[in-house]
Amino acid sequence: MLPAASLLLEWYDRHRRALPWREGSGDPYRIWLSEVMLQQTTVAAVGPRWRRFLARFPTVEALAAAPWADVAEEWAGLGYYARARNLHACAQAVVARGGFPDTVEGLRALPGIGAYTAAAVGAIAFGREVVPLDGNVERVTSRLAAVEEPLPGARPRLAALAQQWMEQPAARERPGDFVQAIFDLGATICTPRNPACALCPWRQGCEGFRTGLAPSLPRKAAKKARPLKRGVHFLLLDGAGRLLLRRRPPKGLLGGMLELPGTPWREVPWTEPEIAPFAPLPDLSWQLLEGEAKHGFTHFELHMALRAATAPPGAALDGDWMTVEAARAALPGTMQKLLDLARAEGALPGA
């Protein structure tokens, strides 16, 4: 038996977090945008970026009408760039149909909206009686019911348990607030490490607290080691200290984002004859910088070597020449690490 929804709502009314997307009238565009940004990104990082994104694209219509390059530029630094592509495509689909659907099923049918986002927007923006299963809800529910089965196998059971709250009148009366209350409980009290059980409004009904299992839940199956991939990139400067950037193909990892030109990323090490054709000007004398730029993706680790050169006057090249400051603002975080490496090795102007 799960504890009373009313106890959590009473706690939420006193202790709710002041988050920018909770201000105003519950605009589905703003709520949807916040949910997409919050996937794999912290609340602290999302707050200012959410406001900045809205200042540039204040409505779903503005986002749908914007060129992809503008959306990609605004998303730079938030990571997981497929989210930005899906965001743009979804906005266009919403405008084409005349607005957001107000059901979970309708939201789920939009491009790029998965089960969690559809449930979150459905509950918060439209008052649908559904509990979305994110990391906070998984953790809170697994501790309350002392579910020892490891994730991801336990997710169907946790989802079914969480949905039982919507059988309680208090949750049905305020589904959006109830969902956000669980999010807040998981983020501030029922935290992954050292949960503050003494402050929890559900402590008395928590089986994990009663048995002492709470800090160890939810359990997770052992992760497989991620493969290591390698790439070689090229820092080409012109006489004005600008660097050459190119845009990645629209599909695939970091699709449509700007990058320093380079090889594909693969597990097999690159040989010198293989590297040369990927250089913007293969005949230049390229200096290999010491060290590597390292980045972790969900499914693999990436190590990137960097070579630097100066372009001869009048060289004809495809791509965009940008100042270091403009490049840093436009590049995804993966590529920014190459700039950090170049700066550390004295290969950038002003280093």
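Leaving aside its neighbours within four places in sequence, which residues is Asn136 in contact with? In this predicted model, the partners are Ile182, Phe183, Gly186 and Ala187. Asn136 itself sits in helix 9, which covers residues 135-144. Asn136 is buried, because its relative accessible area is 17% and the cut-off for buried is under 20%. Leu185 is another residue to look at here. Between Asn136 and Leu185 there are 49 residues in sequence, but 7.8 Å in space from C-alpha to C-alpha.

Now step back to the two helices. Helix 12 spans residues 175-188, and its axis comes within 8 Å of the axis of helix 9. The two axes cross at roughly 80 degrees. Helix 9 is therefore roughly perpendicular to helix 12, since angles of 65 to 115 degrees fall in that class. Helix 9 brings Asn136, Val137, Arg139 and Val140 to the contact. Helix 12 answers with Ile182, Phe183, Leu185, Gly186 and Ala187. By class, six residues of this contact are nonpolar, two are polar and one is charged.

Next, the whole protein. The chain has 351 residues, and 48% of them count as buried. The protein holds 16 helices and seven strands. Its C-alpha atoms fill a box of roughly 75 × 45 × 35 Å along the principal axes. Take the contacts with a separation of 6 or more: residues 24 or more positions apart account for 70% of them.

A second helix pair can be read in the same way. Two packed helices are described by the angle between their axes and the distance between the axes. Helix 2 (residues 28-38) packs against helix 3 (residues 43-56) at an angle of about 140 degrees. Their axes are 10 Å apart. Helix 2 and helix 3 are therefore oblique to each other, as the antiparallel class takes only angles over 145 degrees. The crossing of helix 2 past helix 3 is right-handed. On the helix 2 side, the contact uses Tyr29, Arg30, Leu33, Ser34, Met37 and Leu38. On the helix 3 side, Val43, Val46, Arg49, Trp50, Phe53 and Leu54 take part. Nine residues of this contact are nonpolar, one is polar and two are charged.

Follow the chain out of helix 2. Gln40 is in the loop between helix 2 and helix 3. Most residues other than glycine have a negative phi, and most peptide bonds are trans. Gln40 is not a glycine, yet its phi is positive, about 70 degrees. Is Gln40 buried or exposed? Gln40 is exposed, because its relative accessible area is 59% and exposed begins over 50%.

Ala146 gives a second case of positive phi. Its phi is about 50 degrees, although Ala146 is not a glycine. Ala146 lies in the loop between helix 9 and helix 10. Ala146 counts as buried, because its relative accessibility is 17%.

A cis peptide bond links Leu151 to Pro152, with omega about 5 degrees. Another cis peptide bond links Leu217 to Pro218, with omega about -5 degrees. Pro218 belongs to the loop between helix 13 (207-211) and strand 1 (228-237).

Turn to the interior. In soluble globular proteins, nonpolar side chains tend to be buried together. The largest nonpolar core here has 95 residues. Which of them touch the most other members? They are Trp32, Phe178, Leu235 and Leu260. Helix 8 (residues 115-126) supplies the largest share of this core, seven residues. Beyond four places in sequence, the contacts of Leu260 include His233, Phe234, Leu235, Leu243, Leu244 and Leu245. Leu306, Leu331, Met335, Leu338 and Leu339 are also among them. Another core, of 12 residues, lies apart from the largest one, and its members include Leu244, Trp286, Ala309 and Leu317.

His88 is placed in helix 6 (residues 82-97). His88 counts as buried, because its relative accessibility is 9%. Not counting residues up to four places away in sequence, His88 touches Leu63, Ala64, Ala66, Pro67, Trp68 and Val71.

Technical notes. Residues are numbered from 1 along each chain as its sequence is written. Side-chain values use heavy atoms; hydrogens and water are left out. Axes are lines fitted to C-alpha atoms, for helices over the stretch in contact, and angles run from 0 to 180 degrees between N-to-C directions. Helices (H or I, at least four residues) and strands (E, at least two) are DSSP runs, numbered from the N terminus. Angles under 35 degrees count as roughly parallel, over 145 as roughly antiparallel, 65 to 115 as roughly perpendicular and the rest as oblique. A crossing is left-handed if the near helix is turned anticlockwise from the far one by less than a right angle, and right-handed if clockwise. Contact means heavy atoms within 4.5 Å. Ala, Val, Leu, Ile, Met, Phe, Trp, Tyr, Cys and Pro count as nonpolar, Asp, Glu, Lys and Arg as charged, and the others, Gly among them, as polar. Buried means under 20% relative accessible area, exposed over 50%, partly exposed in between (1.4 Å probe, protein chains only). A nonpolar core is a set of buried Ala, Val, Leu, Ile, Met, Phe, Trp, Tyr and Cys residues joined through side-chain atoms within 4.5 Å.
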